[in-house]
Amino acid sequence: MAGAPVESRKSKVESRKPTCSGSHGWLAFNFQFSIFSIFNFQLMCSAALLCAILILSLGSGLSKLGRLFGYSPEQDDVNGPVAAMWQATPIHWRINPSVRTNVHTTGGDTVGAAVGKAFSTWQSSQVNGQTLTNVSFTKDANTSLTDPDFTNCLNTVSFVPSSAVAFPTGTIAFADIATDSGTPPTTYDCTQNGVTTTHTCNLESCIVDADIVLNPSVDFSTTTPPVAGDFDVQATATHEIGHFLGLDHSGIANAIMYPFGDTVSAGASRVLAIDDAVGVAFLYPSNNFASATGTISGQVTLSGSGAFAAHVIAIDAASGNAVVDGLTDTSGNYSLVGVPPGSYNVLALPLAGIYDLSHFGGWYCGFSPNSPPCCDPADNTCTGTQIPDPTNYTGKFF
Ligand SMILES: [Zn+2]
């Protein structure tokens, strides 16, 4: 077989519970600590001024800032963890336009048009009216591929997966992300029609293939508003494209990257929240991203020790709206990058309620010391602790 071996490549299937073996410290205290603290930060800057980095350190200083930002990027557990991203744009995608009877398009867009709008939403994203993102897409010719294949480097969207593609109960859709990671440069192979080509990744972690599959057992529609009881194709695709780009979930309920979807008569939101827009801008920044935004950093401690996976939220002091959020790293540190100018309260909470760390799969995998990368949930030899699904939520996750 031509080309160098693929190193550290993994397939991360979202919404399938990681079942890593070994123990995880966060499991022990995740629901035991009860920090509820509000700190006030003044973050004022203009495009002409670099914002100061504000640091709140209740502990012993910030020797290591976690790769933790005002959203939750996918994390690879190499030299890091580090965020995974595409190294070049435009990013190509293609769709299998076939649908089954679970997809209702009468009076609405074709699925190709709806998914195209979802890609455009990310490409044209803005933060408070400013374009801070430099990412673009190219739609290639339609494909007849039905199932995810992380070896072909073709980024496909399919509504017609074969029975070989398993959807855990309650899953609306998932994005299958393959990364190539290691000390750059690394190489990875792509095989199409039996021909293998070798490519170079010049980042610590490149996304090299991303496939999106919508659950054929779930009803979808493309109309505005959606057919009653259906999930909205465009909203669902927008969420999965966030994963496609390298974003993990957000804990902010109005963010596209919130891990739960719902069927609501008015239709799920198809637009990005600030947290989503900041996330994509961090990964794919325009030239003015750094000067137009600031950073809020700090450490959350519990009884003098850093608290891992505390949910930290910057709340606009004027409006009361949650703007960006993130999780603390294993030392309790957080760094909310890309915060728009303003005055903020910072809220630190335990990860609790309808979501837990399992809904931030990249974080779970990236910080797991025992299983780099996470066990494939299909791996029957993996006997780690299962994280239960949320029990007090009637919607579905994706
Ligand atoms: Zn998701």
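Two residues are taken to be in contact if their C-beta atoms, placed from the backbone, lie within 7 Å. Among contacts in the chain between residues at least 6 apart in sequence, 77% join residues at least 24 apart. The model is predicted: local features need pLDDT of at least 70 and side-chain atom pairs count only at pLDDT 80 or more, whereas totals for chains, interfaces and linings use all residues. Residues are numbered from 1 along each chain as its sequence is written.

The chain has six helices and 24 strands, where helices (H or I, at least four residues) and strands (E, at least two) are DSSP runs numbered from the N terminus. Of its 398 residues, 47% count as buried; a residue is buried if 20 or more other C-beta atoms lie within 10 Å of its own, exposed if 12 or fewer, and partly exposed in between.

Helix 2 covers residues 111-123, and its 13 residues reach 18 Å from the first C-alpha to the last, close to the 18 Å expected at 1.5 Å a residue (the expected span is 1.5 Å times one less than the number of residues). Val111, Ala114, Val115, Ala118, Phe119, Thr121 and Trp122 are the buried residues of this helix. Seen down the axis of helix 2, they fall within an arc of 150° and so line one face, the arc being that of the directions from the helix axis to the C-beta atoms. An α-helix has 3.6 residues a turn, so residues three or four places apart point the same way. The buried residues of helix 2 pack against strand 6 (91-95), strand 7 (103-104), strand 8 (137-139), strand 9 (156-158), helix 3 (233-245) and helix 4 (274-283).

A nonpolar core is a set of buried Ala, Val, Leu, Ile, Met, Phe, Trp, Tyr and Cys residues joined through C-beta atoms within 7 Å. In the largest such core, of 81 residues, the members that touch the most others are Val115, Leu245, Val280, Ala281, Val312, Ala314 and Leu336. At least three residues of this core come from each of domain 1 (10-16 + 84-281) and domain 2 (31-75 + 292-367), with bounds from an automatic or database domain assignment. Apart from neighbours within four places in sequence, Ala281 is in contact with Val127, Leu132, Thr133, Phe289 and Gly338. Val312 has its C-alpha 5.4 Å from that of Gly326, 14 residues away along the chain. Gly326 belongs to strand 21 (residues 322-327) and counts as buried, with 29 C-beta neighbours inside 10 Å.

Strands pair if DSSP finds at least two bridges between them. An open sheet of three strands has the order 7-14-15, with parallel pairing. Strand 7 and strand 15 (231-232) stand at its edges with a single partner strand each, so one side of each is left without a neighbour in the sheet. Two bridges link strand 7 to strand 14 (residues 220-221), and His104 has Ser221 of strand 14 as its bridge partner.

All nine residues of strand 10 (residues 173-181) are buried, so this strand is largely enclosed by the rest of the structure. Strand 10 runs antiparallel to strand 13 (residues 205-214) and is joined to it by nine bridges, with Asp176 partnered by Asp211.

Asn152 lies in the loop between strand 8 and strand 9 and counts as partly exposed, with 16 C-beta neighbours inside 10 Å. Excluding residues up to four places away in sequence, Asn152 touches Cys190, Thr191, Gln192 and Asp209.
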